[in-house]
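Please read these notes with the structure open beside them.

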Amino acid sequence: MRRARPAGVPGPLQMFFQGFLKHPVMVGSIIPSSDRLIRKMLAPVDWANCKLFVEYGPGVGTFCRPILDRMAPDATLIAIDTNPDFIRYLDHTITDSRFVAVEGSAADVERIIAEHGHESADYILSGLPFSTLPDGVGPAIAAATHRALRKDGAFLVYQFSPKVRDFIAAHFTRIDHDMEWWNVPPAQLYWAHKD
Ligand SMILES: C[S@@+](CC[C@H](N)C(=O)[O-])C[C@H]1O[C@@H](n2cnc3c(N)ncnc32)[C@H](O)[C@@H]1O
């Protein structure tokens with residue numbers, strides 16, 4: 001369920017742009033993902049067999065809402081972001097008992113899902129700006145993601161630079177790729193399978 005925005009809470013575009021101005025390197029983009037990018041990225045997900053979906057870098061929740069629309073009533077979405085302003089914004093604007101917003105780093109995904117009672121995730125989605133993250137953080141996140149996924153789970157990644165593939169390929173051998181031009185800027189899409 002979405003809550004009507006309380007007075008004084010900015011709209012998502014304004015909130016996202018403010019976040020970019022405050023932390024340009026960590027946010028890595030001036031506007032949220034397009035609807036077409038969201039639809040294409042989520043299309044291969046087997047929702048009937050998804051009990052835990054994890055999202056890294058939800059920002060203002062551009063993906064959270066479409067994920068919740070598709071998710072089963074007994075599934076959980078854990079969204080992890082380092083930016084406390086975005087976490088507060090998500091808490092204010094999304095009220096769905098299946099949704100948990102966590103302030104923290106994707107590198108700690110294993111601890112975070114364990115703290116919420118889960119052994120592994122079915123799907124993990126990332127909109128993180130991998131190539132501009134501080135040294136060592138990208139590889140640590142890719143390794144932790146592989147460990148946190150169940151067998152046959154998948155890591156879904158969208159990114160403006162194809163360099164992100166190097167981070168994923170260190171742990172995943174089967175990686176599908178596509179592009180979405182209808183996005184600012186156009187994005188590389190990867191689906192990495194844990195076989
Ligand atoms: C490009 S924005 C993604 C926005 C949103 N997912 C979308 O599709 O419009 C990147 C997000 O990653 C977050 N972020 C950066 N480093 C992170 C980390 N180590 N762990 C979790 N979130 C991080 C930023 O705060 C920002 O919200």
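Is Cys50 buried or exposed? Cys50 counts as buried, because its relative accessibility is 0%; buried here means under 20% relative accessible area, exposed over 50% and partly exposed in between, with a 1.4 Å probe and protein chains only.

1. Basis of the note. The model is predicted, so local features need pLDDT of at least 70 and side-chain atom pairs count only at pLDDT 80 or more, while totals for chains, interfaces and linings use all residues. Residues are numbered from 1 along each chain as its sequence is written, and side-chain values use heavy atoms, with hydrogens and water left out.

2. Cysteines. The structure holds 0 disulfides, a disulfide being a pair of cysteine sulfur atoms within 2.5 Å. Cys50 is in no disulfide, and the nearest cysteine sulfur, in Cys64, is 13 Å away. Seen from Cys64, the closest cysteine sulfur is that of Cys50, and 13 Å is too far for a bond. Cys64 also counts as buried, because its relative accessibility is 0%.

3. Helix H3. In helix H3 (residues 35-42), the buried residues are Leu37, Ile38, Met41 and Leu42; helices (H or I, at least four residues) and strands (E, at least two) are DSSP runs, numbered from the N terminus. Seen down the axis of H3, these buried residues fall within an arc of 115 degrees, so they line one face of the helix. The arc is that of the directions from the helix axis to the C-beta atoms. Among the elements that the buried residues of H3 pack against are strand E1 (52-56), helix H4 (64-70) and strand E4 (121-126).

4. Nonpolar cores. A nonpolar core is a set of buried Ala, Val, Leu, Ile, Met, Phe, Trp, Tyr and Cys residues joined through side-chain atoms within 4.5 Å. The largest has 30 residues, of which Phe53, Ile67, Phe99 and Leu156 touch the most other members. Elements that each supply at least two residues of this core include H4, strand E2 (76-81) and helix H5 (84-93). H3 gives the most, with 4 residues. A second, separate core of 29 residues includes Phe130, Phe155, Ile175 and Ala192.

5. Ile67. Setting aside neighbours within four places in sequence, Ile67 is in contact (heavy atoms within 4.5 Å) with Leu42, Trp47, Phe53, Glu55, Leu77 and Leu125.

6. Aromatic rings. Rings of Phe, Tyr and Trp (its six-membered ring) pair if their centres lie within 6.5 Å; planes under 30 degrees apart count as stacked, over 60 as edge-to-face and the rest as tilted. The count by this rule is 6 aromatic pairs. Phe53 and Tyr123 are stacked, because their ring centres are 6.1 Å apart and their planes are at 20 degrees. Phe53 lies in strand E1 and Tyr123 in strand E4, so this pair ties together parts that are 70 residues apart in sequence.

7. His193. His193 lies in strand E7 (residues 187-193) and counts as buried, because its relative accessibility is 18%. Its side chain makes a polar contact of 2.9 Å with that of Asp176. A polar contact is a pair of N or O atoms within 3.5 Å; within protein, one must be able to donate a hydrogen and the other to accept it, and residues adjacent in sequence count only if both atoms are side-chain atoms.
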